[in-house]
Amino acid sequence: MARLFEYQGKKLLSDNKIAVPRGEVCASVEQVSAAVLSLGGEAVIKAQVWSTKRAAWGGIRLVASAQEAKSVATELLG
């Protein structure tokens, strides 16, 4: 069984013409802020880790603005 991060699985699905929600992979706080703006100002920030409990430890967060996304990304990326 292959272990994939969520973004890798979404790419495989998309490449095979299966609809997936829009999203962007970001490695910096600045990228997260810009991505949220390009996605319309509201988004779900998800830490890409191999864990079944991301939400329980705060790795999945809803944000309503680029500023809030920047704050959440700072927490998640350190």
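Predicted model: local features only at pLDDT ≥ 70, side-chain atom pairs only at ≥ 80, totals over all residues.
Residues are numbered from 1 along each chain as its sequence is written, and side-chain values use heavy atoms, with hydrogens and water left out.

**Valine 72**
- You'll find valine 72 in helix α3, residues 66-77 (helices are DSSP runs of H or I, at least four residues, and strands are runs of E, at least two, numbered from the N terminus).
- Valine 72 has a relative accessible area of 3%, so it counts as buried (buried is under 20%, exposed over 50%, partly exposed in between, with a 1.4 Å probe and protein chains only).
- Leaving out residues up to four places away in sequence, valine 72 touches Ile45, Arg61 and Val63 (contact means heavy atoms within 4.5 Å).
- Valine 20 sits 52 residues from valine 72 along the chain, and their C-alpha atoms are 23 Å apart.

**Leucine 62**
- Leucine 62 belongs to strand β2, residues 60-63.
- Its relative accessibility is 66%, so leucine 62 is exposed.

**Aromatic pair**
- Searching the whole structure turns up 1 aromatic pair (ring centres of Phe, Tyr or Trp, the last by its six-membered ring, within 6.5 Å; planes under 30 degrees apart are stacked, over 60 edge-to-face, the rest tilted).
- That pair is phenylalanine 5 with tyrosine 7, stacked at 6.0 Å centre to centre with 10° between the planes.
- Phenylalanine 5 is partly exposed at 23% relative accessible area, and tyrosine 7 is partly exposed at 36%.
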